[in-house]
Every structure is written in C-alpha cells, then in structure tokens.
Amino acid sequence: MEDYCLWQKIMMYYRYSGTKKTGMKKKYFLSGILFLVFSFIAEAKTTSDSLKFFAAGNPLIQYTGRIDFTNPNLPRFWQPGIYITLKFKGKKCEVILNDEVLWGKNHNYLEVVVDGVEKRIQTKSARDTIIVAQNLSEGIHTVVIFKNTEANIGYVEFAGVRCQKLLKPDTKPKRKIEFIGNSITCGTGSDVSEIPCGKGEWQDQHNAYLSYGAITARAVNAQYHLSAVSGIGLMHSCCNMNVIMPKVFDKISMRNDTISWNFYKYQPDVVTVCLGQNDGVQDSVTFCNNYILFIKQLRGYYPKSTFVLLSSPMADSKLRNFMRSSIESVINSMNKQGERKIHSYIFEKQFPSGCHAHPDLKEHRIIASELTAYINKIMKW
C-alpha cells in the first residue's frame with residue numbers, strides 16, 4: 001500500500017511538472033523524483049516514530065495462563081492457549097516477541113485476533129516485531145495474542161507493544177475453566193488450512209485457539225487455561241515420554257517439568273479432565289486407582305471446583321467402553337468418599353478426521369458444542 005502511494009505521487013509529479021510540454025532537463029526531473037522519495041521516507045519514519053513502546057511489564061497489558069514472570073518485562077510461556085490482551089487507540093499496533101526456536105528450527109504459531117477478526121501467523125526468527133494491526137480506523141481497538149503451539153515447540157517471550165496509546169483492557173470474565181488433556185486438548189493436527197497432513201513440520205497443523213476447550217470457554221464467556229501436553233497420559237505416556245500428567249501438573253511448562261506453578265493465581269470454576277487415549281486399555285483396577293489419586297491431587301489444588309471427567313474424542317469403541325466403565329467407577333468411589341462436585345461426559349462418536357487421527361477443526365467445533373451444552377447444564381450458566 002505504501003509503495004503504491006509513492007508511485008501515485010511520482011506519476012502525479014510527472015504529469016504536472018510540465019516535463020512533456022517544456023522539455024525540462026532530465027536532471028531536474030530526477031531531482032524532483034528524489035525529493036519525493038526522501039519526503040515519503042521521512043513521512044513514513046515520522047508515522048512509525050509516532051508509535052510509543054510499552055514494555056511487557058506495563059499494568060495495562062493483560063495476561064492469562066501459566067506464565068513465568070521471573071523477568072516481568074520479558075514474561076516467558078510454554079503452554080498452548082496462553083493469551084495476552086491489549087486495548088489501544090490508533091490505526092496501528094506492533095508486538096515484539098522472542099521465540100526460543102527450539103533445536104534451531106522450531107517456530108511457534110500464534111493466533112492474532114484484532115477486534116474479533118482472527119489470523120494465524122508464525123514467528124520467523126528468534127526476535128520478531130509483528131505488525132498485528134494497521135490501517136485501522138481511528139479509535140479504540142482490542143488485540144489478543146494467543147499461543148497456538150504447545151510446550152515442546154518451545155517458549156515465547158513477550159517483550160512489549162508499540163502503539164499510539166495503550167488503554168486499560170476490559171475486565172476479565174468472572175467464570176474460569178481449566179482443560180486438562182493431551183494432544184487433542186492442545187489442538188494438535190487439527191488445522192490443515194495452510195499445510196496438509198504429512199507436509200511441513202509437526203507443529204504446522206497445531207491450532208489451540210480453535211480447539212474444543214478454547215471454543216467452549218469463549219462460548220460460556222469464561223477465562224481458560226489449556227493444561228495439556230501431546231502424548232501425555234494418566235499413568236502411561238506415549239512416544240518414549242518420561243512424564244505423566246500427575247507428575248507435571250504443578251509446573252508452568254508441563255512438557256519440560258520445570259518451574260512450579262502457583263495455583264492461587266487461578267482457581268477455576270470448572271476443571272475438565274480428558275486423559276486416557278495414551279494410556280489405552282489397562283488393568284481396570286490399576287487405572288481407576290491412579291485416576292482417583294489424580295482427582296484427589298486436583299481437589300487439593302482446587303477445593304471449590306467442579307470436575308468433569310471426559311472420555312477421549314479419539315477413542316474407538318473398545319477404548320470408549322473401557323473409559324466409560326472406568327470413569328463411572330472413579331465417580332462412584334469418589335462419591336462414597338464424600339465427593340459431590342464431580343461429573344462425567346462420554347463422547348459417543350470418534351472424531352478422527354485431522355492429522356494422525358486427531359479431530360479436525362470442524363470436529364473440534366462439534367466436541368465444543370456438546371461440552372458447552374453439558375457445562376451450561378451442570379453449572380446452570
């Protein structure tokens with residue numbers, strides 16, 4: 001757009017300078033062109049310089065998720081579903097981010113949502129200045145920066161924002177939900193809108209923003225955390241992973257099992273647990289005992305939360321039946337021990353249309369629709 005505007009100015013100068021009629025010497029014409037070019041550059045620089053920098057520690061910047069604030073002006077986060085909300089005045093907004101670029105090649109995907117319009121982008125280097133909004137109407141706008149990729153793609157650090165004026169964002173919703181799970185909850189393999197399955201890097205099809213948990217939370221107007229890791233299980237994880245959910249649930253980066261999380265920072269009204277796909281069909285007694293221990297662990301962190309135990313949306317009929325009976329046994333056992341705020345929801349269909357038999361974006365919307373209706377029912381929302 002800027003190049004086009006410059007070209008328009010040059011052509012207008014050419015037409016009205018009298019070059020054709022007066023035979024102006026070439027050097028004078030070129031001098032005029034150079035003057036226009038440098039004027040345009042100066043104008044662009046002035047426009048850019050009118051943006052002010054606001055460091056990540058500015059209290060007007062709103063954060064949601066498990067984030068390491070050891071350096072408040074460079075908060076670091078790993079988990080999918082971490083989101084940062086900004087409200088600004090003006091036509092343009094830029095954000096400055098650092099990407100771990102894990103193993104020298106991984107680049108994180110982000111969802112950028114400007115005034116409700118979403119766009120999926122990818123970082124390009126270890127430090128990026130990303131134009132998240134430009135050529136907007138004068139006025140007040142809202143931007144959400146959302147981590148689409150999961151912990152083992154590497155961390156993202158938020159350095160700050162450049163805009164004309166930063167404003168106080170809207171108050172966060174009072175309702176809070178946490179979604180515990182594996183790759184399904186991460187949104188892994190769901191988005192083939194740009195790169196098809198089997199092409200590119202593993203993270204190219206990740207989209208946590210359009211995963212069932214994120215969609216459900218937005219549908220009920222709730223804050224949300226996605227406490228999920230691909231391949232993780234309740235008692236057995238796949239892919240030679242040396243962590244299981246009960247071991248890493250108290251960490252900021254669950255995949256790396258590092259940095260303790262302070263549970264007082266986020267006390268959810270609802271906690272959904274979607275584990276079992278990577279455990280597979282196990283000895284029922286052993287599986288149920290491990291599940292009960294995890295529920296007791298959760299109750300220690302969340303004394304007032306309502307728990308919803310979910311079957312796996314990827315499960316075939318054999319695993320679904322195992323999950324159904326196991327979850328029923330867990331709830332019966334917990335009820336006998338005085339636990340009342342615990343429920344279950346079984347997905348009666350398998351959702352395998354995404355990459356590696358994961359749900360695709362359409363199926364995530366279906367899963368979210370079922371879960372939204374159930375949560376509204378039990379919570380009377």
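The legends below describe close-up views of a predicted model. Residues are numbered from 1 along each chain as its sequence is written, and side-chain values use heavy atoms, with hydrogens and water left out. Because the model is predicted, local features need pLDDT of at least 70 and side-chain atom pairs count only at pLDDT 80 or more, while totals for chains, interfaces and linings use all residues.

**Figure 1. Overview of the protein, with nine helices and 16 strands.** Helices (H or I, at least four residues) and strands (E, at least two) are DSSP runs, numbered from the N terminus. The protein has 381 residues, of which 53% count as buried. Buried stands for under 20% relative accessible area, exposed for over 50%, and partly exposed for values in between (1.4 Å probe, protein chains only). Among contacts with a separation of 6 or more, 75% are between residues 24 or more positions apart; a contact is defined by heavy atoms within 4.5 Å.

**Figure 2. The disulfide between cysteine 197 and cysteine 355.** A disulfide is a pair of cysteine sulfur atoms within 2.5 Å, and by this rule the count is two disulfides. In the pair shown, the S to S distance is 2.0 Å. The two cysteines are 158 residues apart and link distant parts of the chain: cysteine 197 sits in the loop between helix H4 (183-186) and helix H5 (212-219), and cysteine 355 in the loop between strand S16 (342-345) and helix H9 (361-379). The disulfide is left-handed because the torsion about its S-S bond is about -90°. Cysteine 197 is partly exposed, at a relative accessible area of 38%, whereas cysteine 355 is buried, at 3%.

**Figure 3. The disulfide between cysteine 238 and cysteine 239.** The sulfur atoms of cysteine 238 and cysteine 239 are 2.4 Å apart. This link is also left-handed, with -70° about the S-S bond. Cysteine 238 is partly exposed, with a relative accessible area of 21%, and cysteine 239 counts as exposed at 64%. With the bonded cysteines of the protein numbered in sequence order, the pairing reads 1-4, 2-3.

**Figure 4. Cysteine 274 and cysteine 288, two buried residues.** The relative accessibility of cysteine 274 is 1%, so this residue counts as buried. Cysteine 288 also counts as buried, at 8%.

**Figure 5. Packing of helix H5 against helix H9.** Axes are lines fitted to C-alpha atoms, for helices over the stretch in contact, with angles from 0 to 180 degrees between N-to-C directions. H5 contributes Tyr212, Ile215, Thr216 and Ala219 to the contact, and H9 contributes His364, Arg365, Ile367, Ala368, Leu371, Thr372 and Ile375.

Figure 6. Glutamine 267 counts as partly exposed, at 29% relative accessibility. Apart from neighbours within four places in sequence, glutamine 267 is in contact with Lys176, Tyr301, Tyr302 and Pro303. Glutamate 178 is 89 residues from glutamine 267 in sequence, and their C-alpha atoms are 8.8 Å apart.
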